[in-house]
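Here are a few notes to read alongside the model.

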Amino acid sequence: MRRLVVILPVAIFAALLGVMGALLTDGERNNDPSRLPSPLVGKPAPAISLPAVADNIPGGFSTEDLKGQVTIVNVFASWCIPCLAEHPLITQLAADGARVYGINHRDKSADAVTWLRRHGNPYKAIGFDADARASLEWGVTGVPETFIIDANGTIAYKHAGPITPEVLKQKILPKLREIEGG
Amino acid sequence: MIAEIGQYVLIAALVLAAVQAIVPLWGAARGDAGLMMVGDRTAIAQAAALLIAFAALTHGFVTSDFSLSVVFQNSHSLKPMLYKVSGVWGNHEGSMLLWVLVLALFSAAVAVYGRNLPPTLKARVLSIQAMIGFAFLAFIIFTSNPFARLSPAPLDGTGLNPLLQDPGLAFHPPLLYLGYVGFSMAFSFAIAALIEGRVDAAWGRWVRPWTLAAWTFLTGGIALGSWWAYYELGWGGWWFWDPVENASFMPWLFGTALLHSSIVVEKRDALKSWTILLAILTFSMSLLGTFLVRSGVLTSVHAFATDPERGVFILAILAIAIGGALTLFAVRAPGMKGGGLFAPASREGALIANNMLLTLAAATVLLGTLYPLILEALSGGETRVSVGPPFFNATFGPIMVPLVLLMAIGPLMAWKRGNLRTASRKIIPAAIAALLAIGVTFLAVPDGPGLAPFAMGLAAWLAAGTIAEWGGRIKLFSSPPSVSWRRLSGQPRSASGMSLAHLGLAIMIVGITGSSAWRTELVTTLSPGETVEGAGYAVTLESVTEGRGPNYSFERATLRIEEDGELVTTMHTERRFFPIANQTTTEAGIRTTLLSDLYGVIGERGRTPETADAWTVRFFVNPLVPWIWLGALVMVFGGFLSLSDRRHRVGAPRRAANTAPPANPPTQPLPAPAE
């Protein structure tokens with residue numbers, strides 16, 4: 001009897017360990033930094049209207065402009081290192097024919113222009129959101145973030161954090177195919 | 001350059017830990033005093049190395065060296081100096097470095113002050129400490145290197161989480177870690193005792209001060225954290241049963257149980273295997289807390305950078321440390337002989353009941369914290385639930401009631417065989433006080449929740465019972481004052497510390513009851529100049545001004561609070577926006593008297609054109625809430641008072657010898673002969 005009692009703690013612990021191990025190694029769960037889904041997904045994109053970053057940068061857009069076609073909206077800033085890391089993938093997406101809009105978040109106009117000149121501007125249009133009012137409306141918690149808006153102007157997907165090749169392959173592209181196919 | 005020195009000494013500490021883990025243990029097995037002595041030297045060297053590493057990281061933060069990845073991510077050149085320094089441990093890498101530093105300091109303390117420990121026990125304790133240290137140093141070096149460089153170095157940092165930019169929180173983690181990691185001492189003593197196969201009264205005496213120190217720090221750390229949550233989060237509450245809060249509360253509950261059961265080991269040579277198990281469980285909870293917070297399996301307001309790779313590493317440490325310890329326990333515990341016999345109605349009996357209830361409470365909190373995870377794992381990620389305050393309030397409260405009832409009775413019972421009749425005669429003042437408190441509360445607040453008067457009665461019961469017991473010890477009123485005075489000065493500090501700690505809990509219960517039962521809340525939208533009446537007060541939003549702090553912009557509201565047309569106070573509350581972190585925090589306006597807090601918070605400004613000149617204002621009246629922290633303060637003070645008792649520092653068998661000046665100069669600590 002006493003033997004059984006002293007084994008109990010280690011047995012319970014082994015079971016707990018199994019549970020936590022299973023959760024940690026669950027790839028699905030871990031590859032998704034926005035595990036708590038945004039309450040905005042499935043809802044119409046909140047109304048915003050943004051000016052252009054500068055005269056020579058295409059842009060200024062409002063929520064109305066996003067309708068009619070599937071659009072990717074990428075929130076970025078020139079001071080944001082992860083944005084620079086994901087920039088080639090955004091550029092690739094645009095080159096492959098996706099319609100990509102940008103929201104320039106809490107930036108200075110001159111800094112943004114320099115950054116776009118140096119690293120290329122894949123965006124069809126960029127909205128300048130210096131005071132982050134629009135980002136706030138859209139529930140942006142940090143940069144970069146990427147939204148997929150369907151043809152009706154509904155937020156179909158949101159990714160928080162930089163886009164990596166895995167995220168692109170496993171999340172973004174399937175989601176785009178799903179919306180465009182359906 | 002300085003960061004590279006930090007990197008080198010960190011690796012040196014890892015090597016030292018490896019040596020310390022193996023050599024003294026081997027020496028103890030062979031009975032080789034020379035090998036056992038190695039542990040002392042490495043423990044001190046390891047602490048020195050980690051102090052240098054910590055200083056190097058602090059240097060990086062203070063000088064804003066953004067070529068260090070951690071500094072870039074967690075600091076900013078505009079940040080005030082205090083928060084540059086607290087930023088050292090306000091992030092994952094730095095806080096883990098602080099964790100191992102505290103561990104090494106505790107080991108060094110054993111090496112320096114543990115001269116009267118039997119050499120084999122001391123060698124084994126240091127060896128176990130080093131194993132823990134090795135695991136966490138490897139974790140730091142391989143997955144969370146605080147000295148990783150960025151190239152090219154960014155021009156400025158990305159700031160500290162602004163919520164953490166607060167004096168209360170600057171000192172919360174170090175205190176909490178002193179508590180968490182302090183329990184590693186009890187753990188190492190337990191494992192060493194299992195290896196030696198010997199637990200006796202002397203063992204209990206050695207473990208107690210370490211447990212007491214850890215418990216005192218942890219109490220202070222938790223209280224500071226809850227105080228911070230109270231005034232900074234702006235929700236008017238002070239405890240949210242958040243998983244991260246629970247992670248610090250579980251070691252506290254087990255540690256409290258351990259504190260009491262080790263008394264039984266020391267005084268009565270009983271409850272040995274149970275105490276060993278508690279020592280293992282208490283530190284396991286500290287490790288589990290570290291895992292839950294660091295691995296990201298839980299999502300919480302406190303969550304730091306989460307990373308599954310780190311999670312797997314910590315889980316492996318957990319598996320080896322806890323799994324290994326519990327297995328060793330399963331093998332060795334049946335061989336341990338129980339000591340003194342005692343009747344159910346005795347001090348031992350009361351302490352066992354205390355242990356049962358505290359363990360049950362800890363198990364409840366553990367279940368509530370892990371249940372969402374277990375359910376998620378079993379359902380394959382389909383079912384996600386969160387367990388909130390209703391569960392904890394419904395389960396935790398009822399366990400606390402008998403515990404508090406018992407707390408007043410236990411100290412009145414004699415060891416071995418208590419006399420129930422004597423004890424019940426001594427408890428009469430407590431019963432009278434409880435009835436009085438229930439009656440007075442009921443008359444004073446007739447329309448409050450029905451259970452509140454009984455909770456106040458419980459607090460009065462505990463306070464009166466504790467004071468009566470203390471009065472009995474010094475023969476207060478039953479003998480001339482001069483005798484009482486002499487007895488008072490002759491009281492062992494540990495006994496007075498116990499009384500104080502119990503009294504602190506009674507004070508805290510009053511605060512908890514007041515703030516949860518009679519709190520009133522007023523939420524409204526106000527434009528400057530407007531007044532709203534409610535909660536017995538008239539609240540006027542006088543003005544809202546905008547301004548800039550060192551690294552944030554703010555809206556500062558001035559609230560005028562009036563009662564019956566008379567000005568009570570004007571308070572300021574701020575809503576701060578940190579552009580670099582893109583985060584908003586609130587600073588509550590609090591006007592406190594000992595009896596209640598008036599608590600005002602400004603919320604968001606209206607978004608639509610019609611409401612653009614109006615702000616959400618929340619106003620709370622929190623009765624008795626300061627008593628919560630007052631109680632915690634009294635508990636911490638009781639802990640330190642008890643810790644200062646020289647009986648904790650002097651080994652029982654060597655008491656006579658130690659009254660003479662030490663024979664060995666302190667610079668050459670020779671292992672003391674075992675009895």
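1. In this predicted model, H9(B) and H10(B) cross with a left-handed sense. Helix H9 of chain B covers residues 201-232, and its axis runs 9 Å from that of H10(B), at an angle of about 155°. Angles over 145 degrees count as roughly antiparallel, and H9(B) and H10(B) are therefore roughly antiparallel to each other. Sorted by class, the contact of H9(B) with H10(B) has 14 nonpolar, eight polar and three charged residues.

2. Do take a look at what H10(B) does with another helix, H8(B). The crossing of H8(B) and H10(B) is left-handed.

3. Which residues make the contact between H8(B) and H10(B)? From H8(B) come Leu176(B), Tyr180(B), Phe183(B) and Ala186(B), while H10(B) supplies Ser248(B), Pro251(B), Gly255(B) and Leu258(B). By class, six residues of this contact are nonpolar and two are polar, with no charged residues.

4. Ile191(B) is worth a stop too, as a residue of helix H8 of chain B. Is Ile191(B) buried or exposed? A residue is buried if 20 or more other C-beta atoms lie within 10 Å of its own; Ile191(B) has 27 C-beta neighbours inside 10 Å, so Ile191(B) counts as buried. Setting aside neighbours within four places in sequence, Ile191(B) is in contact with Ile128(B), Ala325(B) and Leu328(B). As for Pro389(B), that residue is 198 residues from Ile191(B) in sequence and 36 Å away in space, C-alpha to C-alpha.

5. Stepping back to chain B as a whole, you will find 21 helices and nine strands. Chain B has 675 residues, of which 51% count as buried. Among the contacts in chain B with a separation of 6 or more, 74% come from residues 24 or more positions apart.

6. Finally, a word on chain A, which is divided into domain 1 (1-30) and domain 2 (37-181). How many Å separate the centres of domain 1 of chain A and domain 2 of chain A? Taken over C-alpha atoms, the separation of the two centres is 43 Å.

How values were computed. Residues are numbered from 1 along each chain as its sequence is written. Chains are lettered from A and ligands numbered from 1 in the order in which they are written. This is a predicted model: local features need pLDDT of at least 70, side-chain atom pairs count only at pLDDT 80 or more; totals for chains, interfaces and linings use all residues. Domain bounds come from an automatic or database domain assignment. Axes are lines fitted to C-alpha atoms, for helices over the stretch in contact, and angles run from 0 to 180 degrees between N-to-C directions. Helices (H or I, at least four residues) and strands (E, at least two) are DSSP runs, numbered from the N terminus. A crossing is left-handed if the near helix is turned anticlockwise from the far one by less than a right angle, and right-handed if clockwise. Two residues are in contact if their C-beta atoms, placed from the backbone, lie within 7 Å. Ala, Val, Leu, Ile, Met, Phe, Trp, Tyr, Cys and Pro count as nonpolar, Asp, Glu, Lys and Arg as charged, and the others, Gly among them, as polar. A residue is buried if 20 or more other C-beta atoms lie within 10 Å of its own, exposed if 12 or fewer, and partly exposed in between; C-beta atoms are placed from the backbone. Angles under 35 degrees count as roughly parallel, over 145 as roughly antiparallel, 65 to 115 as roughly perpendicular and the rest as oblique.
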